[in-house]
Amino acid sequence: MYRMFGCLRRALGVAVLVLAGLATCYAQTVRPEAERKLAHDIYKEFIEIPSGFTTGATTPVAEAAAARLKAAGFADADIFVGGAKPSKANLVVRYHATARGSAARKPLLLLAHIDVVEAKREDWSLDPFLLTEKDGFFYGRGTGDDKAQAAVWIANLIQYKKEGFEPDRDIIVALTADEEGGGPFNGVDWLLKNHRQLIDADFALNEGGWGESLDGKKLSNDLQISEKYVLNFRFEVHNKGGHSSLPVPDNAIYHLAFALAHLSEFAFPLKTNEVTAAYFEQMAKIEKGAIAEDLSKVATGSEGALGKVAAASPAWNATLRTTCVATQLEGGHAINALPQLAAASVNCRVLPEDSAEYVEATLKKIVGDEQVSITRMSDLTAGPASPMRPDVLAAVRSSTEKIWPGVPTIPIMVMGATDGRYLRAAGIPTYGVQGFFFDRNDIRFHGRDERLAVASFYEGQSFLYDLVKAVSEPIE
C-alpha cells in the first residue's frame, strides 16, 4: 500500500513538472495576459468596423487607432490621420528613438492596410463584421488580411511605450487605405506622393509573408522579398441585340462564354526565378515522400517536376506561373431580349519577369475572337525585389527560432500583390513577414468565413514584438 502511494506521489510530481514545463513553453510563445487582451480588443474593434473597399471607410479604423495611441500617451504631434479623401484616411504614428542625429539609424516602417474585401452576410455562415471566436479560430472579414497585423502593430507599439523601450531608430506604424483596390485613394501611394517624410524609412515590414502549416504541422515561416503584380482586363462583346423570340447564333453572351471557356482551359508556362527556385529548394528539405524529390528538381527546370509540383498545391501552381481568372460578369438588359452587351473582368497575377504586353497578347491569342475586345483596365508594373539583407534575415530567423524551435525561415515570392510594390519602387526595401500560421490548403483571404487560429494570432503578436525589437535595439 505504501509503495502504491509512493508511486502515485512520484507520478503526480512528474505530472506537475510536465504541466509546469508546458506553462513555461506557452509563456515563451505568447505575451502576458494584459498584452494579449489589448491586442484582442484592438483586433475586435478593427474587425467590427466595416471598412470594405467599395462600401466602407477606413477613416473610422484610423481614428480608433489614434484614440488608442493618445490614451496610451502618444503626443498629437506624433500622430497623423489623413488621406486622399475624407472616407479614406490613413494613420501614421511615430515612436521616437532615444539616439538623435547621426547616432540614430534610419527609421523602421511597420505597414498594414485597414481596408478589406467586401463580404456579404448572406454568403457567410456568421456575421463577417463581428469578431467571432469559434472552434479555436477567430472569424471575420480581415482576420487574416490584414487587420490582425494592424492590431498587433498598434498593441505592441503601446507596450513598447509602456515599458520604456529605447530603440536606436524611430519606429513608424502606418495603417493605410485601399490596398485591396489600389487606384487614386491608395494610402501608401498617396503618402509617398504627399507626405513621404512621414513614412520614409530604412526598410519596411509588411504583410505578404506568413507561416505555412499543413495538417497542424508548422513547416516554415515565410519571408516575402518579391511579389507578383496585378493586371486587370475587361473582356467585352457588343451586339445589336433583338427580340428573344428570334434567336441567332451571333449572341454576345455566347461569344463571351466561349472566350472564357478558352481562358479556363489555358495555363501560362511553368517556370522559376531566383526567388522561387530558392524557395522550392528549401521546401524540398522540409517535405517528405515523393514530392520532396520533385521539389528539388523544380529549380533545375525539370518539366515533369514542375507539372507535378503545380498539381500538388494551388499555392505552388500560382508561384510557378502567371495566372488569369474571370472574377466578375455582366450582360443583357432584359429577360426577353437578345443581349447587346456581355462583359467579364479578368484578374491576372503576373510573374515579375512577364511583361504586361506579353500577357495581353497571350489573352488575345487564346480567345481568338475579334468580336471580343480585350482592354487593359490597370497598368501596374512589376517592382524590384528587396535585397536579401543579412540583418533582416538573421533577425527573422532568430525570432522564429524563439517562438517555434526548428521551423526554418524561407524567402518567398508572394502569389498575390501588396502595397510593398509602391515602397520598393520608391526605394524603400520591404519584407513581408507576420508570424501568423495558415494551413496551406485552407487559405481564406478574400473568401467566405475568413479566419485565423486563435493561438496563431497570439503567437504572431509575440513574434512581431520580438522581431521589431531585434531590428531596433542599439547595436553594441
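This note walks through a strand, several aromatic contacts and a pocket in a predicted model.

1. Start with strand 2, residues 89–95. Seven of its seven residues are buried, so the strand is largely enclosed by the rest of the structure. In a regular strand the side chains alternate between the two faces of the sheet. Here Ala89, Leu91, Val93 and Tyr95 point one way. Asn90, Val92 and Arg94 point the other way. Both sets are buried, and that includes the charged residue Arg94.

2. **Partners of strand 2.** Strand 1 (residues 79–83) runs antiparallel to strand 2, and five bridges join the two. They form a hairpin, with five residues between them. Within this pairing, Ile79 stands opposite Val93. Strand 2 also pairs with strand 6 (residues 169–176), again in the antiparallel sense and over five bridges. Look for Leu91 here: its bridge partner in strand 6 is Leu175.

3. **Aromatic pairs around Phe280.** The structure holds 20 aromatic pairs. Take Tyr279 and Phe280 to begin with. Their ring centres are 5.0 Å apart and their planes stand at 75°, so this pair is edge-to-face. Both residues are buried. Phe280 also pairs with Trp316. Those ring centres lie 6.2 Å apart with the planes at 75°, so this pair is edge-to-face too. Phe280 belongs to helix 8 (residues 274–286) and Trp316 to helix 11 (residues 314–320), so the contact ties together parts that are 36 residues apart in sequence.

4. **How buried is the Phe280–Trp316 pair?** The cut-off for buried is under 20% relative accessible area. Phe280 has 0%, so it counts as buried. Trp316 has 3%, so it is buried as well.

5. **A cluster and two charges over rings.** Tyr43, Phe138, Phe436, Phe457 and Tyr458 form one aromatic cluster. Elsewhere, the charged end of Arg31 sits over the ring of Tyr465, at 3.6 Å from its centre. Lys218 lies over the face of Phe437, 5.3 Å from the ring centre.

6. **The second largest pocket.** Its volume is about 260 Å³. The lining has 14 residues, and the closest to the pocket centre are Ser213, Phe437, Phe438, Asp439 and Ala453. Which elements give two or more residues to this lining? They are strand 18 (437–439), strand 19 (451–453) and helix 15 (454–470). By type, the lining divides into six nonpolar, three polar and five charged residues.

How values were computed:
Residues are numbered from 1 along each chain as its sequence is written. This is a predicted model: local features need pLDDT of at least 70, side-chain atom pairs count only at pLDDT 80 or more; totals for chains, interfaces and linings use all residues. Side-chain values use heavy atoms; hydrogens and water are left out. On a 1 Å grid over the protein atoms alone, a cavity is a set of points where a 1.4 Å probe fits but cannot get out, and a pocket is an open set with protein on both sides within 12 Å along at least five of seven lines; lining residues have an atom within 4 Å of a point. Grid points are joined across faces, edges and corners, and a volume is the space filled by probe spheres set on the points. Helices (H or I, at least four residues) and strands (E, at least two) are DSSP runs, numbered from the N terminus. Buried means under 20% relative accessible area, exposed over 50%, partly exposed in between (1.4 Å probe, protein chains only). Two strands pair if DSSP finds at least two bridges between them. Rings of Phe, Tyr and Trp (its six-membered ring) pair if their centres lie within 6.5 Å; planes under 30 degrees apart count as stacked, over 60 as edge-to-face and the rest as tilted. A charge sits over a ring if NZ of Lys or CZ of Arg is within 6 Å of the ring centre and within 35 degrees of the ring normal.
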